[in-house]
Amino acid sequence: PYLRLEMPLERAWQRTGAALDRLGFTVLEREREARRYTIRYAPHADEQIEQPGLLARWLGGAERIDTAPRRFRITLAQGGDGVRVAVRERSGEPAPAPIARRLLTLLDPQLY
């Protein structure tokens, strides 16, 4: 998943940075030349999640959900149809689709 922005690359870069700041993400790196931001995001931290209780964990009846913060890259690239904003792992591989969709859904209304 990605967002397609119909604006010049430089404006998209500035608006994406401002949107990340407004949303309260911790921006670890701003690499203007590479057109990417490295952020820290705790998957599901912005949603209500019911974690299994102590007894369920102790008896092995429930799997604990990992909400530890992870680093992701928000990348911008000029394409034939506008600027594409995508979410990638630190390694450069595409982020898992649910996480990418969640981050892009948060970003989208902040970009215009």
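This is a predicted model: local features need pLDDT of at least 70, side-chain atom pairs count only at pLDDT 80 or more; totals for chains, interfaces and linings use all residues.
Residues are numbered from 1 along each chain as its sequence is written, and side-chain values use heavy atoms, with hydrogens and water left out. Local features need pLDDT of at least 70 and side-chain atom pairs count only at pLDDT 80 or more, while totals for chains, interfaces and linings use all residues.

**Exercise 1.** Determine the strand order of the sheet and its edge strands.

Solution. 
- Helices (H or I, at least four residues) and strands (E, at least two) are taken as DSSP runs, numbered from the N terminus.
- Two strands pair if DSSP finds at least two bridges between them.
- The 5 strands then form an open sheet with antiparallel pairing, in the order E1-E5-E4-E3-E2.
- Strand E1 (2–5) and strand E2 (26–31) each pair on one side only, as the edge strands.

**Exercise 2.** Which side chains of E1 are buried?

Solution. 
- Buried means under 20% relative accessible area, exposed over 50%, and partly exposed in between (1.4 Å probe, protein chains only).
- Leu3 and Leu5 point to one face of E1 and are buried.

**Exercise 3.** Find how the buried residues of helix H3 (residues 97–107) are arranged and what they pack against.

Solution. 
- The buried residues are Ile99, Ala100, Leu103, Leu104, Leu106 and Leu107.
- Seen down the axis of H3, these residues fall within an arc of 160 degrees (taken from the directions from the helix axis to the C-beta atoms), so they line one face of the helix.
- Pro98 and Thr105, on the other side of H3, are exposed.
- With contact meaning heavy atoms within 4.5 Å, the buried residues of H3 pack against E1, H1, E3, E4 and E5.

**Exercise 4.** Describe the largest nonpolar core and the surroundings of Ile39.

Solution. 
- A nonpolar core is a set of buried Ala, Val, Leu, Ile, Met, Phe, Trp, Tyr and Cys residues joined through side-chain atoms within 4.5 Å.
- The largest has 26 residues, and Ile39, Ile74, Leu76 and Val87 have the most contacts inside it.
- E1, H1, E3, E4, E5 and H3 are the elements that give two or more residues to this core.
- H3 gives the most, with 6 residues.
- Not counting residues up to four places away in sequence, Ile39 touches residues including Leu20, Val27, Ile74 and Leu103.
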